[in-house]
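Please open the structure in your viewer and keep the selection panel at hand.

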Amino acid sequence: MEKYIEKAKILIEALPYIQQFKKKTMVIKYGGSFMYDEARKQSVMDDISLMRLVGIRVIIVHGGGKDISGMLSDLEIQTEFVEGLRITNEKVVEIAEMVLSGKINKEIVQLLQNREMNAVGLSGKDGGMIKVKKKFINNLDIGFVGDIIHIDNRLLNTLLKDDYLPVIAPIGTDKTGQSYNINADHVAYAIAKSMKAEKLIYLTDTDGVYMDPDNPDSIIRRLFAENVPKLIEEGIISGGMIPKVENSVDALNQGVNSVHILDGKVEHCMLLELFTAAGVGTMIRRSII
Ligand SMILES: Nc1ncnc2c1ncn2[C@@H]1O[C@H](COP(=O)(O)OP(=O)(O)O)[C@@H](O)[C@H]1O
Ligand SMILES: [Mg+2]
């Protein structure tokens, strides 16, 4: 009996959150090694399914750098790197688009469809959603890597209104119609900002933001946007964590309520973060109040 009462308590604990999040939009950046693990992928699907059932409007943005690297090596296409970034020539961006829009996007759509979630796969080309300009790294031209200049969210609003679940591949176009690959973290941020999402959730391979990545006890549970630039400057936040947090100040100032960094490998990480008081990852808020 006790254990059943415990279960009821868990549901009751979730109630205020369920009420608060009904009809709110949440953008999930879908990435990390859970994508390659069947059981963990299903756990993420369970969470998304429940989020939708309680009325949350979910938008997924996915990455896929590992699959692009895999395909380039299968095709024996050599690529050059500058400061850790791949030179994305015409051939590389063509393959990136094929892998992202054709393979990964449709795999995610099918996983959601298997759960009766009405997913629709898109890239930034559909509905003219993502417009970019060429990104330069320290004045270096690294090819067709895009910086987002405009999001047209009309297609997303249309889909959400009819209860579809948009799944977005990080591809955009410039004014000539050329395809560009875009960092998926930046796409997730730009979409969240444009939709004034309640939450922007980054699923990744680390529990959250650490003060010292070698010390699991140093996880920052609550981070305030104003402290982010300093942590980047000091090198505490580096590498792949930078694009997740660097724009959070802007996103939070433009109406996104909170940014979450969660480990997609932790079973039901999103349910724990959204519907319990404790939470499991790092939450970034505007300020202490
Ligand atoms: N302060 C920090 N806390 C946690 N992770 C950090 C920090 N600084 C850098 N990182 C690195 O950022 C990585 C997450 O980014 P990335 O590898 O690009 O993941 P994704 O594929 O999900 O975009 C972590 O695995 C970690 O190596
Ligand atoms: Mg990354």
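Select Leu 156 to begin: in this predicted model, its relative accessible area is 0%, so Leu 156 counts as buried, the cut-off for that word being under 20%. The residue belongs to helix H5, which covers residues 154-161.

**Helix H6**

Next, select residues 184-194, which make up helix H6. How many of its 11 residues are buried? The count is 9, and the helix is accordingly described as mostly covered. Among the buried residues of H6 are Asp 185, His 186, Val 187, Tyr 189 and Ile 191.

Display the side chain of Asn 183 as well. This residue caps the N-terminal end of H6, with a side-chain oxygen placed 2.7 Å from the backbone nitrogen of Asp 185. Then move just past the helix to Lys 196, where phi is positive, at about 45 degrees.

Is Glu 116 buried or exposed? Its relative accessibility is 74%, so Glu 116 counts as exposed.

Proceed to Asn 138, in the loop between strand E6 (130-137) and strand E7 (140-151). Asn 138 is likewise not a glycine, and its positive phi is about 50 degrees. With 59% relative accessibility, Asn 138 also counts as exposed.

**Aromatic rings**

Turn now to the aromatic side chains, which form 4 pairs. Select Tyr 30 and Phe 34 for one example. Why is this pair called edge-to-face? The ring planes stand at 75 degrees to each other, with 4.9 Å between the ring centres, so the pair receives that name; the cut-off is an angle over 60 degrees. Both Tyr 30 and Phe 34 are buried.

Select Tyr 17, Phe 21 and Phe 275 together to see one aromatic cluster. The charged end of Lys 134 sits over the ring of Phe 144, at 4.9 Å from the ring centre.

**Ligand 1**

Finally, select ligand 1 and the 14 residues around it. Which of them come nearest? They are Thr 204, Tyr 210, Ile 236, Ser 238 and Lys 244. By class, this shell comprises 6 nonpolar, 5 polar and 3 charged residues.

- Lys 29: a polar side-chain atom lies 3.4 Å from an oxygen atom of ligand 1.
- Tyr 210: a backbone N or O atom lies 2.8 Å from a nitrogen atom of ligand 1.
- Met 241: a backbone N or O atom lies 3.3 Å from an oxygen atom of ligand 1.

Switch to a surface display to consider how the protein covers the ligand. Taken alone, ligand 1 exposes 580 Å², and the protein buries 70% of that area. To end the tour, colour strand E11 (199-204) and strand E12 (209-210), the elements that contribute two or more residues to the shell around ligand 1.

Definitions and conventions:
Residues numbered from 1 in each chain as written. Chains lettered and ligands numbered in written order. Predicted model: local features only at pLDDT ≥ 70, side-chain atom pairs only at ≥ 80, totals over all residues. Heavy atoms only, no water. Phe/Tyr/Trp six-rings, centres within 6.5 Å; stacked < 30°, edge-to-face > 60°. Buried < 20%, exposed > 50% of the residue type's maximum accessible area, 1.4 Å probe, protein only. Lys NZ or Arg CZ within 6 Å of the ring centre and 35° of its normal. Near = heavy atom within 4 Å. Polar contact = N/O pair within 3.5 Å; in protein donor to acceptor, adjacent residues only side chain to side chain. Areas by Shrake-Rupley, 256 points an atom, 1.4 Å probe, with all protein chains shown as cover. Helix = DSSP H or I, 4+ residues; strand = E, 2+ residues; numbered from the N terminus. Nonpolar A, V, L, I, M, F, W, Y, C, P; charged D, E, K, R; others polar.
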